Amino acid sequence: MTEPGLVDWLSNLIGGAATTLVGAAIGRLMWHSGEVRKGQRRFFSRELLWEIPVVFGMAFIGEAIASYLGANATVGTGIVALAAYYGPRGTEVVLAKWLTRAKP
């Protein structure tokens, strides 16, 4: 049996739903940090409060994508974090391109 990874450990510690939200929050925080580095935002600002509903929304969307793809919990958490990093608009663009790709 292999050693559990970070996502497995966190899931065992706080549960799967909370792990999904942590993944989404980390993804969104990475995006927010990039905006801070570019000088678009201050780190602690009112804009940070607007990220809270985005975290929840992107957790739902990312989990749905992971479920559709049949991903395990570890990969699913990564998909949630990636979707949260992209945000609603970025995820919409990626999904639209993926869903409308030419089929042979």
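Trainee: Which helix gives the most to the nonpolar patch?

Mentor: Helix H3 does, with five residues.

Trainee: Take one member, Phe60. Is Phe60 buried or exposed?

Mentor: Go by relative accessible area: over 50% is exposed, and under 20% is buried. Phe60 lies in helix H3. Its relative accessibility is 60%, so Phe60 counts as exposed.

Trainee: Now a charged residue. Where does Glu51 lie, and is Glu51 buried or exposed?

Mentor: Glu51 lies in H3 too, the helix of residues 46–69. Its relative accessible area is 7%, so Glu51 is buried.

Trainee: Which residues is Glu51 in contact with, leaving aside neighbours within four places in sequence?

Mentor: Arg28, Trp31 and Arg41. Two of these contacts deserve a look at the side chains. Glu51 makes a polar contact of 2.5 Å with the side chain of Arg28. A second polar contact, of 3.0 Å, joins the side chains of Glu51 and Arg41.

Trainee: Why might such side chains pair at all?

Mentor: Opposite charges can pair when the charged atoms come close. Now the case here. The side chains of Glu51 and Arg28 meet in a salt bridge, at 2.5 Å from N to O. That pair links distant parts of the chain: Glu51 is in helix H3 and Arg28 in helix H2, 23 residues apart.

Trainee: Is Arg28 buried or exposed?

Mentor: Arg28 is buried, because its relative accessible area is 7%.

Trainee: How many salt bridges does a search of the whole structure find?

Mentor: Three. Another one joins Arg41 and Glu51, with the closest N and O atoms 3.0 Å apart. This pair also links distant parts of the chain: Arg41 sits in the loop between H2 and H3, Glu51 in helix H3, ten residues apart.

Trainee: Which residues are linked in a network of salt bridges?

Mentor: Arg28, Arg41 and Glu51. Find Glu51 in the structure, then look for its bridge to Arg28 and its bridge to Arg41.

Trainee: And the remaining bridge?

Mentor: The side chains of Glu35 and Lys38 meet in a salt bridge of 3.0 Å, N to O. Check each partner. Glu35 has 13% relative accessibility, so Glu35 counts as buried. Lys38 has a relative accessible area of 59%, so Lys38 is exposed.

Trainee: Back to Arg41. Where is Arg41 found, and is Arg41 buried or exposed?

Mentor: Arg41 is found in the loop between helix H2, residues 16–37, and H3. The cut-off matters here: buried means under 20%. Arg41 has a relative accessible area of 19%, so Arg41 is buried.

Trainee: Which residues is Arg41 in contact with, leaving aside neighbours within four places in sequence?

Mentor: Trp31, His32, Glu35, Val36, Glu47 and Glu51. With His32, the side chain of Arg41 makes a polar contact of 3.0 Å.

Trainee: Let me step back. How many helices and strands does the chain have?

Mentor: Four helices and zero strands. From the N terminus on, the elements run α-α-α-α. The C-alpha trace spans about 45 × 45 × 20 Å along its principal axes.

Trainee: What share of the residues is buried?

Mentor: Buried residues make up 27% of the 104 residues in the chain. As for the surface, the accessible area comes to about 7500 Å². Carbon and sulfur atoms account for 65% of that.

Trainee: What share of the contacts joins residues 24 or more positions apart?

Mentor: Count the contacts with a separation of 6 or more: 55% of them join residues 24 or more positions apart.

Trainee: How should I read confidence in the model?

Mentor: Where pLDDT is low, the predicted coordinates should not be read in detail. Here the mean pLDDT of the chain is 89, and 96% of the residues reach 70 or more.

Trainee: Where is confidence lowest, and where highest?

Mentor: Lowest in helix H1, residues 6–14, at a mean of 87. Highest in H2, at 93.

Definitions and conventions
Residues are numbered from 1 along each chain as its sequence is written. This is a predicted model: local features need pLDDT of at least 70, side-chain atom pairs count only at pLDDT 80 or more; totals for chains, interfaces and linings use all residues. Side-chain values use heavy atoms; hydrogens and water are left out. Helices (H or I, at least four residues) and strands (E, at least two) are DSSP runs, numbered from the N terminus. Buried means under 20% relative accessible area, exposed over 50%, partly exposed in between (1.4 Å probe, protein chains only). A polar contact is a pair of N or O atoms within 3.5 Å; within protein, one must be able to donate a hydrogen and the other to accept it, and residues adjacent in sequence count only if both atoms are side-chain atoms. Contact means heavy atoms within 4.5 Å. pLDDT is the predictor's confidence in each residue, from 0 to 100. A salt bridge is a side-chain nitrogen of Lys or Arg within 4 Å of a carboxyl oxygen of Asp or Glu. Accessible areas come from the Shrake-Rupley method with a 1.4 Å probe; for residues, only the protein chains shown count as cover.
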